Amino acid sequence: MKKKIVIIDGQGGRIGSMLIERIRSDKAMSDRKYVIYAIGTNSIAASAMIKAGADFGAAGENPAVINCRDADIIIGPLGILAADSLLGEITPAMAVAVGQSPAQKILLPINKCGNYVVGTQNIPIPELIEMTVDTINNVTKDN
């Protein structure tokens with residue numbers, strides 16, 4: 001059975017697009033045992049992630065809430081757990097849906113929008129993407 005990866009991103013969808021492109025190019029994931037759902041907090045972000053290779057995509061609060069319910073992995077910037085983050089694009093319902101989901105959560109420590117993770121470094125986004133793909137492979141290794 002294929003694993004459901006939900007990638008949530010906002011604004012222009014750059015981080016989500018980079019993640020999708022990198023996941024699609026990863027040799028360990030080349031058997032496409034993953035289905036990627038791109039959830040944009042707006043239509044621009046969703047469109048960018050669909051163009052990057054997501055299997056499905058949608059924009060807005062309701063798609064985020066619905067798709068978090070049965071996700072195996074949720075990936076996005078740290079702000080997807082905090083209402084009103086990503087310049088206000090994460091609604092309280094979206095943050096709750098991510099937080100309450102039984103999915104593994106892989107969060108990129110983007111120290112913006114008032115959310116800071118103490119002990120992290122300012123790592124360039126491409127390096128965070130590589131670390132994220134490694135984490136996906138590690139959390140799904142035994143499944």
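**Entry 1: the charged pairs**

I take a salt bridge to be a side-chain nitrogen of Lys or Arg within 4 Å of a carboxyl oxygen of Asp or Glu. The model I am reading is a predicted one. With that criterion I searched the whole structure and noted four salt bridges.

I asked which residues are linked in a network of salt bridges. They are Arg-22, Asp-26 and Glu-130. For Glu-130 and Arg-22, the closest N and O atoms are 2.6 Å apart. Glu-130 belongs to helix 6 (residues 125-140) and Arg-22 to helix 1 (residues 14-25), so this pair ties together parts that are 108 residues apart in sequence.

Asp-26 is buried, at a relative accessible area of 9%, while Glu-130 is partly exposed at 33%.

I noted a further salt bridge between the side chains of Arg-24 and Asp-55, at 2.6 Å from N to O. Arg-24 sits in helix 1 and Asp-55 in the loop between helix 2 (43-51) and strand 3 (56-59), so the pair ties together parts 31 residues apart in sequence. Arg-24 is partly exposed, with 23% relative accessibility, and Asp-55 is likewise partly exposed, with 28%.

I traced an open sheet of five strands, in the order 3-2-1-4-5, with parallel pairing. Strand 3 and strand 5 are at the edges with a single partner strand each, so one side of each has no neighbour in the sheet. From one strand to the next I noted an average twist of 20 degrees.

I looked at one pairing in detail: strand 4 and strand 5 run parallel and are joined by five bridges. Pro-77 stands opposite Leu-108 of strand 5.

**Entry 2: helices on the sheet**

Helix 1 lies across strand 1, strand 2, strand 4 and strand 5, and I recorded its direction as about 150 degrees to strand 1. Helix 3 (residues 61-69) also packs on the sheet, where it touches strand 1, strand 2, strand 3 and strand 4. Its direction makes about 155 degrees with that of strand 2.

I listed the buried residues of helix 1 as Ile-15, Gly-16, Ser-17, Leu-19, Ile-20, Arg-22 and Ile-23. Their cover includes helix 2 and helix 6, together with strands 1, 2, 4 and 5.

For helix 6 I noted 16 residues and a reach of 22 Å from first C-alpha to last, close to the 22 Å expected. Its buried residues include Leu-128, Thr-132, Val-133, Ile-136 and Asn-137. Among the elements that cover them are helix 1 and strand 1.

**Entry 3: the nonpolar cores**

I asked which residues touch the most other members of the largest nonpolar core. Of its 23 residues, these are Ile-5, Ile-7, Ile-20, Ile-23, Ile-75, Leu-108 and Ile-136. Strand 1, helix 1, strand 2, strand 4, strand 5 and helix 6 each supply at least two residues, and helix 6 gives the most, with five.

Leaving aside neighbours within four places in sequence, Ile-75 is in contact with residues including Ile-5, Ile-7, Leu-19, Ile-23, Leu-108, Thr-132 and Ile-136.

Lastly, I noted a second, separate core of 16 residues, among them Ile-39, Ile-74, Leu-86 and Ala-103.

Notes:
Residues are numbered from 1 along each chain as its sequence is written. This is a predicted model: local features need pLDDT of at least 70, side-chain atom pairs count only at pLDDT 80 or more; totals for chains, interfaces and linings use all residues. Side-chain values use heavy atoms; hydrogens and water are left out. Buried means under 20% relative accessible area, exposed over 50%, partly exposed in between (1.4 Å probe, protein chains only). Helices (H or I, at least four residues) and strands (E, at least two) are DSSP runs, numbered from the N terminus. A nonpolar core is a set of buried Ala, Val, Leu, Ile, Met, Phe, Trp, Tyr and Cys residues joined through side-chain atoms within 4.5 Å. Contact means heavy atoms within 4.5 Å. The expected span of a helix is 1.5 Å times one less than its number of residues. Two strands pair if DSSP finds at least two bridges between them. Axes are lines fitted to C-alpha atoms, for helices over the stretch in contact, and angles run from 0 to 180 degrees between N-to-C directions.
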